[in-house]
Amino acid sequence: MELYVARQPIFDKGLNLFGYELLYRSGLSNYYSNLDGDQATSELILNSMMVIGFNKLTRGKRAFVNFSNNLLEQDFATILPAESTVIEVLEDVEPNEKLVNACKRLKRKGYLIALDDFVYQKKYTPLIELADIIKIDFLNTSREEKAQIIKRLANYRIKFLAEKIETHEDFKEAVKLGYTYFQGYFFSKPIILSGKNIPTHKLIYFHILQEINKQDFSFESIERLIKSDLSLSYKLLKMINSSAIGLRTQIQSIKQALTLLGAKGLQRWLLLVAIKGLGDEKPSELFSMALTRAYFCEQMAPKVGLKDRSSELYLIGMLSLIDAILDKPLDEILVELPISEDVKKTLLGESSILKDTYELAVCYEQGMWHNLKQLATKLNLKAKDIIDTYFNALDLSHTITE
């Protein structure tokens, strides 16, 4: 069975990762009636538990999963681990006695209950009394109602989640109104401030990005940059002396370490270090997303006839969120980096031979199934190719970020 599962991150006020909403689809061509949709969701959740592995998707964070009347009343949610699952009660449920009792049973077992796309109606009072989290669609709710819902339910021990937060202005508004959790892609967009420069303590990382992308980059230049930063020197020696590298002798100098890594290994490692260093004050999920995109694009390259461009596709993934990391317009950043025209065009959304592969990564990440289907058809890809590559990329990125 084809199993598509995308994740959308959910943050707290400090932009710490709280959990993921899991977005399911059993195939890019399948559409279901409500009844068939329940059956499909059941099969998908079972498969996510047995085939993919729940922890592989959530990495110890909370998983928000949608449930309809039928599935809740059948206690189907209990196959998911209570300590890491948030039961999302869909907005179209009927709060009858059977449903309310099902939610009470889930609460007793330790599950958190969230009411999805909530719009206040008195009939929902029994569910409100059980709810831990209420999700408000920030995009389609008036400012007055965004504030009023919190005041109206002030006597309940409920935390509010603002979803579809697309800008930092939305985020700030939600924080001010009293929301606790935030969902949307606002964190992956830059806060553009006129004339903002890269902080002095991060310039070393940007200089590294510039140096490693030169066609004629030299070990001597890299050595000087690394030696100028104590933490970089320590990271390099620690990494090269780690058991994962498998060396029999201890490395004694920066120059020796660089030589052993080789040009390609050095470029790859420094790219990771530089992006992570530039984004050290940003949500760690930002780096994780960029790394997943990089691995996905790189591994997809031979499947779409671009094996010889795999390193460029990896670079595209790694740089895809650089504007959010630096809070500068992307075109201004790319002018300062000596990267290929195809890489620049792809990142700027212009036509290039690499663009479709990169967009494939973004569409899967965001659960844009219709667009994903069109790209898969265009690139002559099988569903299994995309799914396996995505989850392998997730695995690889987790080994780096954990």
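Some bookkeeping before that. This is a predicted model, where local features need pLDDT of at least 70, side-chain atom pairs count only at pLDDT 80 or more, and totals for chains, interfaces and linings use all residues. Residues are numbered from 1 along each chain as its sequence is written, and side-chain values use heavy atoms, with hydrogens and water left out.

So, helix α17, residues 355-365. Helices here are DSSP runs of H or I, at least four residues, strands are runs of E, at least two, and both are numbered from the N terminus. Nine of the eleven residues in α17 are buried, so the rest of the structure largely encloses this helix. By buried I mean under 20% relative accessible area, with a 1.4 Å probe and protein chains only. Among those buried residues are Asp356, Tyr358, Cys363 and Glu365. And what's covering them? The cover includes β1 (4-11), α12 (284-300), α13 (310-319), α16 (341-347), α18 (369-378) and α19 (383-401), going by contacts, meaning heavy atoms within 4.5 Å. Just past the end of α17, Gly367 has a positive phi of about 65°.

Now the cavity. On a 1 Å grid over the protein atoms alone, that's a set of points where a 1.4 Å probe fits but cannot get out, and lining residues have an atom within 4 Å of a point. Points are joined across faces, edges and corners, and the volume is the space filled by probe spheres set on them. Searching the whole structure turns up one cavity of 30 Å³ or more, and the largest cavity holds about 150 Å³. Its lining has 14 residues, with Arg7, Met289, Thr292, Glu365 and Tyr390 nearest the centre. β1, α12, α17 and α19 each put in at least two lining residues, and α12 gives the most, with six.

Last stop, strand β6, residues 133-137. Five of its five residues are buried: Ile133, Lys135 and Asp137 on one side, Ile134 and Ile136 on the other. β6 pairs with β5 (residues 112-115) in the parallel sense over two bridges, pairing being at least two DSSP bridges between strands. There, Ala114 has Ile133 as its bridge partner.

Key:
Buried < 20%, exposed > 50% of the residue type's maximum accessible area, 1.4 Å probe, protein only. 1 Å grid on protein atoms, 1.4 Å probe; cavity = no way out; pocket = protein on both sides within 12 Å on 5 of 7 lines; lining within 4 Å.
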